[in-house]
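Student: I'd like to learn how to read a protein fold. Could we go through one together, starting with strands?

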Amino acid sequence: MLLEVKNLSIYYYTLAGVVKGAEKVTFSIDRGEWVTFVGESGSGKSTVAHAIMNIVPSPGRIVTGEVIFEGRDLLRLGKDELRDIRGKDISMIFQDPMTSLDPLRKVGDQMVEVMTVHGVPEEEARERAKELLEKVNLPPDRLDYYPHQLSGGQRQRISIAMAMAFNPKLLIADEPTTALDVIVQDSIMDLIDNLKAEGTSIYFVTHDISLAAERSDKIAVMYAGKLVEFGTVEQIVENPLHPYTRALIEAVPDLWKESEVRAIPGYPPDLRNPPRGCRFHPRCPVFRERPTLKGLCDAVEPEMIEYEKGHFVACHLYGGAGE
Ligand SMILES: Nc1ncnc2c1ncn2[C@@H]1O[C@H](COP(=O)(O)OP(=O)(O)OP(=O)(O)O)[C@@H](O)[C@H]1O
(Lines give C-alpha, C1' and ligand atoms only; values in the text may rest on other atoms or scores of the structure.)
Protein backbone atom coordinates (compact mmCIF):
# COMPACT_ATOMS: atom_id res chain seq x y z
CA MET A 1 0.00 0.00 0.00
CA LEU A 2 1.36 3.43 -0.92
CA LEU A 3 -0.84 5.64 1.26
CA GLU A 4 -2.95 4.81 4.27
CA VAL A 5 -5.02 7.56 5.83
CA LYS A 6 -6.39 6.61 9.21
CA ASN A 7 -8.97 8.38 11.32
CA LEU A 8 -7.99 11.79 9.97
CA SER A 9 -9.82 14.82 11.38
CA ILE A 10 -9.21 18.45 10.50
CA TYR A 11 -10.92 21.37 12.23
CA TYR A 12 -10.87 25.07 11.30
CA TYR A 13 -10.81 27.26 14.39
CA THR A 14 -12.64 30.33 13.07
CA LEU A 15 -13.91 33.30 15.07
CA ALA A 16 -17.43 32.12 14.28
CA GLY A 17 -16.81 28.65 15.72
CA VAL A 18 -15.03 25.37 15.08
CA VAL A 19 -15.69 24.08 11.56
CA LYS A 20 -15.29 20.31 11.40
CA GLY A 21 -13.82 20.29 7.89
CA ALA A 22 -13.20 16.53 7.82
CA GLU A 23 -13.84 13.92 10.48
CA LYS A 24 -12.44 10.42 11.06
CA VAL A 25 -11.59 9.85 7.42
CA THR A 26 -10.01 6.45 6.67
CA PHE A 27 -9.00 5.08 3.25
CA SER A 28 -5.97 3.83 1.33
CA ILE A 29 -4.45 4.21 -2.11
CA ASP A 30 -2.41 1.48 -3.75
CA ARG A 31 0.56 2.01 -6.02
CA GLY A 32 -0.48 3.11 -9.49
CA GLU A 33 -4.11 3.50 -8.43
CA TRP A 34 -6.34 6.48 -9.34
CA VAL A 35 -8.83 7.36 -6.60
CA THR A 36 -11.30 10.16 -7.20
CA PHE A 37 -12.97 12.07 -4.37
CA VAL A 38 -16.43 13.36 -5.17
CA GLY A 39 -19.04 15.25 -3.19
CA GLU A 40 -20.73 18.62 -3.09
CA SER A 41 -18.82 21.79 -2.37
CA GLY A 42 -17.64 21.94 1.24
CA SER A 43 -17.65 18.18 1.83
CA GLY A 44 -13.96 18.11 2.81
CA LYS A 45 -12.24 16.81 -0.34
CA SER A 46 -9.64 19.59 -0.46
CA THR A 47 -9.22 19.61 3.30
CA VAL A 48 -8.16 15.95 3.25
CA ALA A 49 -5.88 16.61 0.23
CA HIS A 50 -4.12 19.40 2.11
CA ALA A 51 -3.83 17.30 5.24
CA ILE A 52 -2.03 14.53 3.33
CA MET A 53 0.64 17.08 2.38
CA ASN A 54 0.46 18.54 5.90
CA ILE A 55 -0.31 21.97 4.42
CA VAL A 56 -3.72 22.67 5.97
CA PRO A 57 -4.04 26.47 5.88
CA SER A 58 -4.67 28.48 9.02
CA PRO A 59 -6.99 28.51 10.98
CA GLY A 60 -7.15 24.79 10.17
CA ARG A 61 -5.46 22.14 12.25
CA ILE A 62 -5.13 18.38 11.96
CA VAL A 63 -6.62 17.20 15.24
CA THR A 64 -6.28 13.43 14.95
CA GLY A 65 -5.14 10.78 12.55
CA GLU A 66 -2.27 9.30 10.63
CA VAL A 67 -1.09 9.68 7.04
CA ILE A 68 1.12 6.67 6.41
CA PHE A 69 3.08 7.08 3.19
CA GLU A 70 5.39 4.16 2.37
CA GLY A 71 5.30 3.12 6.00
CA ARG A 72 6.05 6.56 7.52
CA ASP A 73 3.50 8.84 9.19
CA LEU A 74 3.85 12.17 7.33
CA LEU A 75 2.19 14.00 10.21
CA ARG A 76 5.02 13.00 12.54
CA LEU A 77 7.93 13.92 10.24
CA GLY A 78 10.22 16.90 10.77
CA LYS A 79 10.10 19.92 8.44
CA ASP A 80 13.19 18.87 6.46
CA GLU A 81 12.02 15.32 5.88
CA LEU A 82 8.64 16.60 4.78
CA ARG A 83 10.16 19.16 2.41
CA ASP A 84 12.11 16.35 0.83
CA ILE A 85 8.95 14.35 0.17
CA ARG A 86 6.82 17.28 -1.03
CA GLY A 87 7.31 18.09 -4.69
CA LYS A 88 9.37 14.96 -5.13
CA ASP A 89 7.49 11.85 -3.95
CA ILE A 90 4.18 13.70 -3.60
CA SER A 91 3.19 16.53 -5.95
CA MET A 92 0.09 18.65 -6.03
CA ILE A 93 -1.77 20.52 -8.76
CA PHE A 94 -4.64 22.92 -8.13
CA GLN A 95 -7.74 24.27 -9.85
CA ASP A 96 -5.91 27.56 -10.33
CA PRO A 97 -2.38 26.90 -11.59
CA MET A 98 -1.38 30.38 -10.44
CA THR A 99 -1.48 28.97 -6.91
CA SER A 100 1.84 27.29 -7.65
CA LEU A 101 3.24 29.71 -10.27
CA ASP A 102 4.97 33.01 -9.53
CA PRO A 103 3.52 35.65 -11.91
CA LEU A 104 6.77 37.61 -11.95
CA ARG A 105 9.16 34.88 -13.07
CA LYS A 106 9.61 32.99 -16.32
CA VAL A 107 8.13 29.52 -16.21
CA GLY A 108 11.46 27.91 -17.16
CA ASP A 109 13.23 29.44 -14.15
CA GLN A 110 10.44 28.21 -11.90
CA MET A 111 10.62 24.70 -13.31
CA VAL A 112 14.37 24.64 -12.84
CA GLU A 113 14.04 25.81 -9.25
CA VAL A 114 11.66 22.96 -8.39
CA MET A 115 14.50 20.62 -9.30
CA THR A 116 17.50 22.52 -7.92
CA VAL A 117 15.94 22.79 -4.44
CA HIS A 118 16.01 19.00 -4.40
CA GLY A 119 19.69 18.94 -5.38
CA VAL A 120 19.57 18.59 -9.18
CA PRO A 121 22.44 20.57 -10.82
CA GLU A 122 21.19 23.62 -12.79
CA GLU A 123 22.35 22.42 -16.24
CA GLU A 124 20.67 19.09 -15.82
CA ALA A 125 17.50 20.78 -14.53
CA ARG A 126 17.34 22.99 -17.67
CA GLU A 127 17.58 19.95 -19.92
CA ARG A 128 14.98 18.11 -17.88
CA ALA A 129 12.63 21.15 -18.01
CA LYS A 130 12.69 20.95 -21.83
CA GLU A 131 11.91 17.24 -21.76
CA LEU A 132 9.05 17.84 -19.32
CA LEU A 133 7.53 20.48 -21.61
CA GLU A 134 7.63 18.00 -24.44
CA LYS A 135 5.83 15.46 -22.25
CA VAL A 136 2.99 17.91 -21.66
CA ASN A 137 2.90 18.83 -25.37
CA LEU A 138 4.26 22.36 -25.11
CA PRO A 139 7.02 23.76 -27.35
CA PRO A 140 10.36 24.43 -25.59
CA ASP A 141 10.19 28.21 -26.18
CA ARG A 142 7.46 28.39 -23.52
CA LEU A 143 10.26 28.20 -20.95
CA ASP A 144 10.91 31.88 -21.68
CA TYR A 145 7.30 32.93 -21.17
CA TYR A 146 5.80 34.52 -18.10
CA PRO A 147 2.68 32.79 -16.73
CA HIS A 148 0.36 35.60 -17.93
CA GLN A 149 1.51 35.02 -21.53
CA LEU A 150 0.02 31.52 -21.45
CA SER A 151 -3.60 30.35 -21.62
CA GLY A 152 -5.25 28.67 -18.62
CA GLY A 153 -4.80 25.25 -20.21
CA GLN A 154 -1.12 25.91 -20.95
CA ARG A 155 -0.54 27.09 -17.39
CA GLN A 156 -2.13 23.89 -16.10
CA ARG A 157 0.23 21.92 -18.39
CA ILE A 158 3.17 23.78 -16.86
CA SER A 159 2.03 22.96 -13.35
CA ILE A 160 1.65 19.30 -14.34
CA ALA A 161 5.14 19.38 -15.90
CA MET A 162 6.48 20.76 -12.60
CA ALA A 163 4.61 18.09 -10.66
CA MET A 164 6.17 15.45 -12.91
CA ALA A 165 9.75 16.59 -12.34
CA PHE A 166 10.62 13.65 -10.11
CA ASN A 167 8.15 11.01 -11.29
CA PRO A 168 6.11 11.40 -8.10
CA LYS A 169 4.69 8.35 -6.38
CA LEU A 170 1.52 10.29 -5.61
CA LEU A 171 -0.10 13.17 -7.47
CA ILE A 172 -2.78 15.14 -5.65
CA ALA A 173 -4.94 16.89 -8.23
CA ASP A 174 -7.49 19.26 -6.70
CA GLU A 175 -10.07 20.03 -9.41
CA PRO A 176 -7.34 20.67 -12.00
CA THR A 177 -9.81 20.87 -14.90
CA THR A 178 -12.73 22.75 -13.39
CA ALA A 179 -11.73 26.13 -14.79
CA LEU A 180 -11.02 24.80 -18.31
CA ASP A 181 -13.22 24.19 -21.30
CA VAL A 182 -14.20 20.62 -22.10
CA ILE A 183 -11.62 19.93 -24.83
CA VAL A 184 -8.72 21.30 -22.81
CA GLN A 185 -10.11 19.41 -19.82
CA ASP A 186 -9.81 16.16 -21.71
CA SER A 187 -6.20 16.78 -22.72
CA ILE A 188 -5.27 17.54 -19.10
CA MET A 189 -6.96 14.29 -18.02
CA ASP A 190 -4.90 12.47 -20.68
CA LEU A 191 -1.71 13.88 -19.16
CA ILE A 192 -2.70 12.66 -15.71
CA ASP A 193 -3.50 9.27 -17.27
CA ASN A 194 0.01 9.17 -18.76
CA LEU A 195 1.48 9.83 -15.33
CA LYS A 196 -0.60 7.00 -13.93
CA ALA A 197 0.64 4.71 -16.71
CA GLU A 198 4.15 5.39 -15.42
CA GLY A 199 3.14 4.12 -11.97
CA THR A 200 2.04 7.31 -10.17
CA SER A 201 -0.96 7.02 -7.83
CA ILE A 202 -3.57 9.75 -8.16
CA TYR A 203 -5.75 11.49 -5.53
CA PHE A 204 -8.18 13.40 -7.73
CA VAL A 205 -10.85 15.83 -6.57
CA THR A 206 -13.95 16.72 -8.58
CA HIS A 207 -17.62 17.62 -8.19
CA ASP A 208 -18.38 15.60 -11.27
CA ILE A 209 -19.01 11.91 -10.61
CA SER A 210 -19.17 11.15 -14.36
CA LEU A 211 -15.63 12.50 -14.78
CA ALA A 212 -14.62 10.29 -11.85
CA ALA A 213 -16.17 7.22 -13.43
CA GLU A 214 -14.38 7.71 -16.75
CA ARG A 215 -10.79 7.66 -15.61
CA SER A 216 -10.38 6.38 -12.10
CA ASP A 217 -10.04 2.96 -10.51
CA LYS A 218 -11.83 3.85 -7.31
CA ILE A 219 -14.28 6.46 -6.08
CA ALA A 220 -14.46 7.98 -2.61
CA VAL A 221 -17.71 9.78 -1.80
CA MET A 222 -17.60 12.54 0.81
CA TYR A 223 -20.53 14.23 2.50
CA ALA A 224 -20.30 17.00 5.10
CA GLY A 225 -16.75 16.17 6.18
CA LYS A 226 -17.28 12.39 6.29
CA LEU A 227 -16.23 9.67 3.89
CA VAL A 228 -19.53 7.87 3.29
CA GLU A 229 -18.66 5.33 0.58
CA PHE A 230 -15.51 3.95 -1.03
CA GLY A 231 -15.08 1.29 -3.68
CA THR A 232 -14.11 0.49 -7.26
CA VAL A 233 -15.77 2.53 -9.99
CA GLU A 234 -17.84 -0.51 -10.90
CA GLN A 235 -19.01 -1.05 -7.32
CA ILE A 236 -19.96 2.60 -6.88
CA VAL A 237 -21.61 3.12 -10.25
CA GLU A 238 -23.34 -0.26 -10.64
CA ASN A 239 -24.23 -0.79 -7.01
CA PRO A 240 -24.21 2.50 -5.09
CA LEU A 241 -25.13 1.75 -1.48
CA HIS A 242 -25.33 5.06 0.36
CA PRO A 243 -28.48 7.09 -0.38
CA TYR A 244 -26.19 10.10 -0.94
CA THR A 245 -24.13 8.25 -3.56
CA ARG A 246 -27.35 7.16 -5.27
CA ALA A 247 -28.56 10.76 -5.28
CA LEU A 248 -25.25 11.94 -6.78
CA ILE A 249 -25.53 9.39 -9.58
CA GLU A 250 -29.17 10.28 -10.25
CA ALA A 251 -28.11 13.91 -10.52
CA VAL A 252 -25.90 13.14 -13.55
CA PRO A 253 -27.58 14.08 -16.81
CA ASP A 254 -27.88 11.10 -19.13
CA LEU A 255 -27.52 12.14 -22.75
CA TRP A 256 -29.07 8.95 -24.06
CA LYS A 257 -32.07 8.70 -21.83
CA GLU A 258 -34.85 11.18 -21.49
CA SER A 259 -34.86 10.74 -17.74
CA GLU A 260 -35.14 13.85 -15.69
CA VAL A 261 -32.09 14.95 -13.79
CA ARG A 262 -32.90 15.02 -10.13
CA ALA A 263 -31.01 17.56 -8.11
CA ILE A 264 -30.49 16.59 -4.49
CA PRO A 265 -33.04 18.53 -2.45
CA GLY A 266 -31.81 20.54 0.52
CA TYR A 267 -28.35 21.79 1.43
CA PRO A 268 -25.30 20.34 3.14
CA PRO A 269 -25.19 21.20 6.85
CA ASP A 270 -23.20 23.87 8.64
CA LEU A 271 -20.06 22.04 9.73
CA ARG A 272 -19.83 24.07 12.94
CA ASN A 273 -22.81 22.13 14.15
CA PRO A 274 -23.37 19.04 11.98
CA PRO A 275 -26.53 16.94 12.49
CA ARG A 276 -26.41 14.17 15.07
CA GLY A 277 -26.18 10.59 13.86
CA CYS A 278 -25.73 10.32 10.10
CA ARG A 279 -24.99 13.76 8.70
CA PHE A 280 -27.10 13.02 5.64
CA HIS A 281 -30.26 12.04 7.53
CA PRO A 282 -32.03 15.42 7.17
CA ARG A 283 -31.84 15.02 3.35
CA CYS A 284 -32.06 11.23 3.16
CA PRO A 285 -35.09 9.92 1.22
CA VAL A 286 -34.85 6.48 2.88
CA PHE A 287 -34.87 7.99 6.37
CA ARG A 288 -37.88 10.09 5.43
CA GLU A 289 -39.81 7.06 4.17
CA ARG A 290 -39.05 4.56 6.92
CA PRO A 291 -40.29 5.46 10.40
CA THR A 292 -38.31 2.53 11.86
CA LEU A 293 -35.08 4.45 11.22
CA LYS A 294 -36.03 7.15 13.72
CA GLY A 295 -33.83 7.07 16.77
CA LEU A 296 -31.07 5.41 14.73
CA CYS A 297 -30.00 7.55 11.75
CA ASP A 298 -30.77 10.77 13.65
CA ALA A 299 -29.02 9.63 16.82
CA VAL A 300 -26.19 7.16 16.16
CA GLU A 301 -23.23 7.88 13.91
CA PRO A 302 -22.86 5.05 11.36
CA GLU A 303 -19.51 3.25 11.31
CA MET A 304 -17.78 2.44 8.03
CA ILE A 305 -18.29 -1.26 7.23
CA GLU A 306 -16.95 -3.43 4.41
CA TYR A 307 -20.14 -4.45 2.59
CA GLU A 308 -18.32 -6.57 0.02
CA LYS A 309 -14.60 -6.94 -0.69
CA GLY A 310 -13.16 -3.47 -1.16
CA HIS A 311 -16.58 -1.75 -1.01
CA PHE A 312 -17.03 0.32 2.14
CA VAL A 313 -20.07 2.25 3.31
CA ALA A 314 -21.08 4.22 6.39
CA CYS A 315 -24.86 3.89 6.52
CA HIS A 316 -27.18 2.19 9.00
CA LEU A 317 -29.02 0.43 6.17
CA TYR A 318 -26.04 -1.91 5.92
CA GLY A 319 -25.11 -2.13 9.56
CA GLY A 320 -27.69 -4.80 10.35
CA ALA A 321 -30.06 -2.15 11.64
CA GLY A 322 -33.04 -0.59 9.97
CA GLU A 323 -33.81 -3.41 7.53
N1 LIG B 1 -9.65 28.26 5.56
C2 LIG B 1 -10.82 27.83 6.04
N3 LIG B 1 -11.39 28.42 7.12
C4 LIG B 1 -12.56 27.99 7.61
N5 LIG B 1 -13.26 26.95 7.13
C6 LIG B 1 -12.75 26.33 6.06
C7 LIG B 1 -11.52 26.72 5.45
N8 LIG B 1 -11.27 25.92 4.40
C9 LIG B 1 -12.31 25.05 4.35
N10 LIG B 1 -13.19 25.29 5.34
C11 LIG B 1 -14.45 24.56 5.61
O12 LIG B 1 -14.19 23.17 5.69
C13 LIG B 1 -15.22 22.42 5.07
C14 LIG B 1 -14.63 21.53 3.99
O15 LIG B 1 -14.15 22.35 2.93
P16 LIG B 1 -13.31 21.82 1.69
O17 LIG B 1 -12.81 23.01 0.94
O18 LIG B 1 -12.33 20.81 2.13
O19 LIG B 1 -14.43 21.09 0.85
P20 LIG B 1 -14.39 20.60 -0.66
O21 LIG B 1 -15.20 19.36 -0.68
O22 LIG B 1 -13.01 20.51 -1.15
O23 LIG B 1 -15.17 21.78 -1.38
P24 LIG B 1 -14.93 22.43 -2.83
O25 LIG B 1 -15.39 21.39 -3.77
O26 LIG B 1 -15.81 23.63 -2.80
O27 LIG B 1 -13.48 22.74 -2.93
C28 LIG B 1 -16.23 23.45 4.54
O29 LIG B 1 -17.27 23.58 5.48
C30 LIG B 1 -15.44 24.72 4.46
O31 LIG B 1 -16.26 25.84 4.68
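This is a predicted model: local features need pLDDT of at least 70, side-chain atom pairs count only at pLDDT 80 or more; totals for chains, interfaces and linings use all residues.

Student: In what sense do β1 and β2 pair, and over how many bridges?

Tutor: The general idea goes like this: strands of a sheet pair through backbone hydrogen bonds, either parallel or antiparallel. Here, β1 and β2 pair in the antiparallel sense, over 9 bridges.

Student: What is the order of the strands in the open sheet?

Tutor: The sheet has 4 strands in the order β2-β1-β4-β5, and the pairing is antiparallel. At the edges stand β2 (17-29) and β5 (72-73), each with a single partner strand, so one side of each has no neighbour in the sheet.

Student: Which helix lies across β1, β2 and β4?

Tutor: That's α1, residues 45-52. Helix α1 runs at about 110 degrees to β1.

Student: Okay, now the core. Which residues touch the most other members of the largest nonpolar core?

Tutor: In soluble globular proteins, nonpolar side chains tend to be buried together. In this model the largest nonpolar core has 86 residues, and A161, I172, Y203, V221 and V228 touch the most other members. Strand β1 (residues 3-14) gives the most to this core, with 6 residues.

Student: Why does this core lie between domain 1 and domain 2?

Tutor: Because both domain 1 (3-89 + 167-261) and domain 2 (102-165) give residues to this core.

Student: And what does A161 touch?

Tutor: Leaving out residues up to four places away in sequence, A161 touches M111, L132, L133, K135 and V136.

Methods: Residues are numbered from 1 along each chain as its sequence is written. A nonpolar core is a set of buried Ala, Val, Leu, Ile, Met, Phe, Trp, Tyr and Cys residues joined through C-beta atoms within 7 Å. A residue is buried if 20 or more other C-beta atoms lie within 10 Å of its own, exposed if 12 or fewer, and partly exposed in between; C-beta atoms are placed from the backbone. Helices (H or I, at least four residues) and strands (E, at least two) are DSSP runs, numbered from the N terminus. Domain bounds come from an automatic or database domain assignment. Two residues are in contact if their C-beta atoms, placed from the backbone, lie within 7 Å. Two strands pair if DSSP finds at least two bridges between them. Axes are lines fitted to C-alpha atoms, for helices over the stretch in contact, and angles run from 0 to 180 degrees between N-to-C directions.
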